[in-house]
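I set out to record what I looked up in this model. The entries begin with conventions and then proceed from one region to the next.

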Amino acid sequence: MNWDIILDSAGLYLSGLRLTLGLTLASLLFSFLLAVPLALAKWSGGAVTRAIISGYTLLFRGTPLLIQLFLIYFGLAQFELLRESWLWPWLSSPLVCVLLAFVLNSAAYSTEIFAAGLAHLPRGEIEAARAFGMSAWVRTRRIYLPAMLTRSLPLYGNEAVMLMHATSLASTVTLMEITGVARNLTLNYYIQFEPYVTAGLLYLILTLSLVGLLHWAERRWAGYLVQR
Amino acid sequence: MAKLEVEGLCKRYGDHLVIDDVSFHAEEGEVISLIGASGSGKSTLLRCINFLERPFRGDIRLDGERLLTCSERPGGELVAVDARQLRRFRARLAMVFQSFCLWTHMSVLDNLVLPQRHVLGRDEEAARAQALAQLAKVGLEAGIARRYPERLSGGQQQRVAIARALCLAPEVLLFDEPTSALDPQRVGEVLEVMRALANERRTMLLVTHEMSFARQVSDRVLFLHRGRIEEQGAPEAVFGDPRSPRLRRLLGLG
Ligand SMILES: Nc1ncnc2c1ncn2[C@@H]1O[C@H](COP(=O)(O)OP(=O)(O)OP(=O)(O)O)[C@@H](O)[C@H]1O
Ligand SMILES: [Mg+2]
């Protein structure tokens, strides 16, 4: 066994961990900001709005994330117009492409999760809010949003964990997150087992932390849903 | 001037005329019960008054002020012209639902505070004080304020719902079968609260199947049949000597 190689590479793993964390949190943040209004719009909007949003989520949930990433990172380069536009410095950066793919993909899943949470909100609670003369804005902020988020917390937690695992795909476009670091070690030292086990352990620790955080959030905000 | 006036109200679902030219008014302090067979349009009538359902014709007046409405196309459903006015009307007409309709994701206290904060614009402290006062009024201890609604019994939940309505100091209370979803042994505690409100001379509109209760507390009873007021009058007359054969059948008088 070659654990001393792993120990010597602790710094690399640490920076990989930082990148994995950064990718996960940034993707979660932006996809959340995108998914919340999309879910509200899908739930309350007309047929056209619903169809457009469903089309988007179908597209991104119906195809592999890796394909989406390759299309954004490699595929877009084929378009002359894009290459010459002001967007190109961003679109040619692997970091931006990875974030774009993760955000769009995760927002698609999150939108459906949140919309399902809204669909489970009892009709009467909405009617009561209207009957007391609350404005649409107050109803959204104080009734729909909290009810939606608490009701979809368990499913959203799953999505967050899966997104965190999916960030390992970033290594395919040269980013050195945990998986990228491990893969580089296997190529440089011709050892296959130790680098990946270490990577797996790091993911496991991240997962457990994330799950702990989600359980805490569930106890804090979604306690009312627990049956006695 | 009447507190609440309903004039020429008509509502349909598709081709089905559910409320057919209903007019009545409630004086300040009057308790009016709406009775009728299932499907006769009692709930729909009540829900048209605060525009939870949109009628296609008719006027609602509170203290003589007309709710401004228009229809987007001829014969279509009415919509409120001024969203602000509609919200103000709704706050003046607080509703108590059959299935309580408390907001399950917040504590009882938050249920009572939220509408006061955002509809009346009260500050947090005044809203809390009012909430606790109304909880006491419906016979609930202050300890309940911190709990989630679904942790309470049905009777307690409905009393919280009544307290929530009272917190807005509404001018008219609308009740839609407030005891129908309750276990039989819980009905009494809610009726007690409502009796106390009636004795305070609150203006109340009450849809109910509790005939003996309606008889005791009402000033006037309206009998609805197929969306029309078929009979109305003082409770002694309506319950004691009903003329409509359908009302006689509903009351089990043959
Ligand atoms: N959303 C709706 N769409 C279509 N028809 C409806 C709708 N709501 C009610 N109706 C119909 O309108 C009629 C009146 O219904 P409503 O609920 O007002 O009756 P109700 O007198 O309150 O009956 P109950 O005593 O059972 O509560 C019924 O025939 C019902 O089928
Ligand atoms: Mg009804």
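**Conventions.** I am working with a predicted model, in which local features need pLDDT of at least 70 and side-chain atom pairs count only at pLDDT 80 or more, while totals for chains, interfaces and linings use all residues. Residues are numbered from 1 along each chain as its sequence is written, chains are lettered from A and ligands numbered from 1 in the order in which they are written, and side-chain values use heavy atoms, with hydrogens and water left out.

**Entry 1: ligand 1.** Which residues come nearest to ligand 1? I found 13 residues around the ligand, of which Ser38(B), Gly39(B), Lys42(B), Ser43(B) and Thr44(B) come nearest; a residue is counted as near when one of its heavy atoms lies within 4 Å. I then looked up the polar contacts, meaning pairs of N or O atoms within 3.5 Å; within protein, one atom must be able to donate a hydrogen and the other to accept it, and residues adjacent in sequence count only if both atoms are side-chain atoms. Thr44(B) has a side-chain N or O atom 2.4 Å from an oxygen atom of ligand 1. For Lys42(B), a polar side-chain atom lies 2.8 Å from a ligand oxygen, and for His209(B) the corresponding distance is 3.4 Å. Ligand 1 taken alone exposes 640 Å², and the protein buries 60% of that; the areas come from the Shrake-Rupley method with a 1.4 Å probe.

I next sorted the shell by class and by element. It holds 3 nonpolar, 8 polar and 2 charged residues, where Ala, Val, Leu, Ile, Met, Phe, Trp, Tyr, Cys and Pro count as nonpolar, Asp, Glu, Lys and Arg as charged, and the others, Gly among them, as polar. Helices (H or I, at least four residues) and strands (E, at least two) are DSSP runs numbered from the N terminus. Strand E2 (16-26) and helix H1 (42-49) of chain B each supply at least two shell residues, and H1(B) gives the largest share, with 3 residues.

**Entry 2: the four-stranded sheet.** I traced an open, antiparallel sheet of 4 strands in chain B, in the order E2-E1-E4-E5; two strands pair if DSSP finds at least two bridges between them. E2 and strand E5 (65-66) of chain B each have a single partner strand, so one side of each is left without a neighbour in the sheet. E1(B) and E2(B) pair antiparallel over 7 bridges, with Arg12(B) opposite Leu17(B) in E2(B). These two strands form a hairpin with 2 residues between them, and Gly14(B) in the turn has a positive phi of about 60°. Strand E1 (residues 4-13) of chain B is also joined to strand E4 (residues 57-62) of chain B by 5 antiparallel bridges. Val6(B) has Ile60(B) as its bridge partner in E4(B), and Leu4(B) stands opposite Leu62(B).

What lies across E1, E2 and E4 of chain B? I found H1(B) there, running at about 120° to E1(B). Contact means heavy atoms within 4.5 Å; axes are lines fitted to C-alpha atoms, for helices over the stretch in contact, and angles run from 0 to 180 degrees between N-to-C directions.

**Entry 3: the six-stranded sheet.** A second look at chain B gave an open sheet of 6 strands with mixed pairing, in the order E8-E9-E10-E3-E11-E12. Strand E8 (93-96) and strand E12 (228-233) of chain B are its edge strands, each pairing on one side only. The twist averages 20° from one strand to the next. Strand E11 (residues 220-225) of chain B pairs with E12(B) in the antiparallel sense over 5 bridges, and Leu222(B) has Gln232(B) as its bridge partner. Helix H6 (residues 184-199) of chain B packs on this sheet, touching strand E3 (31-36), strand E9 (172-176) and strand E10 (203-207) of chain B, and its direction makes about 145° with that of E10(B).

**Entry 4: Gln216(B).** I located Gln216(B) in helix H7 (residues 211-217) of chain B. Its side chain makes a polar contact of 2.6 Å with that of Arg195(B).

**Entry 5: chain A.** I counted 12 helices and 0 strands in chain A. Its C-alpha atoms fill a box of roughly 70 × 55 × 25 Å along the principal axes.
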